[in-house]
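Hello,

Here is the structure I promised to pass on. Please have a look at it first, and my notes follow below.

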Amino acid sequence: MRSLAPLAAAILIGTTAFVANAGVVEDRKANFKANNASMRAIGAAIGAGDFGTVTREAERIAAWAMVMPDYFPEGSGEGTSAKPAIWTDFVGFKDAAEANYYAAQELIAAAAKQDADAAGEALRAIGGTCKGCHQKFKSW
């Protein structure tokens, strides 16, 4: 009689990977929602001249951009709007996240100068990095 241990181990590992991926997918969805909320808060804060809020929210965007690729482990795209291009061009995906990070840094610099025009331009640049990434790496 054959042992079922190897089969049981394979099922356990597969199930654990699914659960881990489900958790990372939920975490990344929450982070993207928070990122969207930050973008909206920044827009309102620029209009109000509240550069403290602009800085805080831009720092949140930058922090998310730094770790975003970590939330896309291999195999975590099934059943999501993530395109396979994320994993076939992971370097490009990391570059897109890095562009978002640097755009957020520009906004932080504009906020430090309390320059509403430059902050508005930097916010649009952040939005451009989001749009570019979505066009290449997200299914609609």
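Is E121 buried or exposed? With a relative accessibility of 55%, E121 counts as exposed, since the cut-off for that label is over 50%. Do keep in mind as you read on that this is a predicted model. E121 sits in helix α5, and its C-alpha lies 8.3 Å from that of L107, a residue 14 positions away in sequence.

First, the overall picture. The protein has five helices and zero strands, so the order along the sequence reads α-α-α-α-α. Of its 140 residues, 34% count as buried. Among contacts with a separation of 6 or more, 70% are between residues 24 or more positions apart. The accessible surface comes to about 8500 Å², and carbon and sulfur atoms account for 59% of that.

Now back to α5, which runs over residues 116–137. Its 22 residues should span 32 Å at 1.5 Å a residue, and the end C-alpha atoms are 31 Å apart, which agrees. The buried residues of α5 are A119, G120, A122, L123, I126, T129, C130, C133 and F137.

Helix α4 covers residues 90–112. Several of its residues are buried, including G92, F93, A96, A97, N100 and L107.

The loop between α4 and α5 holds Q114. Its phi is positive, near 55°, although Q114 is not a glycine. As background, most residues other than glycine have a negative phi. Q114 is exposed, with a relative accessible area of 58%.

Next, the charged pairs. The count comes to two salt bridges. In one of them, the side chains of R60 and E57 meet at 2.4 Å, N to O. Both residues belong to helix α2 (residues 51–67) and are three residues apart, about one turn of the helix. In general, an α-helix has 3.6 residues a turn, so residues three or four places apart point the same way. E57 counts as buried, at 11% relative accessibility.

The other pair is K136 with D89, whose side chains meet at 2.8 Å, N to O. K136 lies in helix α5 and D89 in the loop between α3 (85–88) and α4, so this bridge ties together parts that are 47 residues apart in sequence. Both partners are partly exposed: K136 has a relative accessibility of 42%, and D89 has a relative accessible area of 26%.

Finally, I would point you to R28, in helix α1 (residues 5–48). R28 is buried yet has no salt bridge. The nearest side chain of opposite charge is that of E26, 8.8 Å away. What the side chain of R28 does have is a polar atom 2.8 Å from the backbone oxygen of Y71. Beyond its neighbours within four places in sequence, R28 is in contact with W64, Y71, F72, S76, G77, T80 and A82.

I hope these notes are handy when you open the model.

Best wishes

Definitions and conventions:
Residues numbered from 1 in each chain as written. Predicted model: local features only at pLDDT ≥ 70, side-chain atom pairs only at ≥ 80, totals over all residues. Heavy atoms only, no water. Helix = DSSP H or I, 4+ residues; strand = E, 2+ residues; numbered from the N terminus. Buried < 20%, exposed > 50% of the residue type's maximum accessible area, 1.4 Å probe, protein only. Lys, Arg positive; Asp, Glu negative; His and termini not counted. Salt bridge = Lys/Arg side-chain N within 4 Å of Asp/Glu carboxyl O. Polar contact = N/O pair within 3.5 Å; in protein donor to acceptor, adjacent residues only side chain to side chain. Contact = heavy atoms within 4.5 Å. Expected span 1.5 Å × (residues − 1). Areas by Shrake-Rupley, 256 points an atom, 1.4 Å probe, with all protein chains shown as cover.
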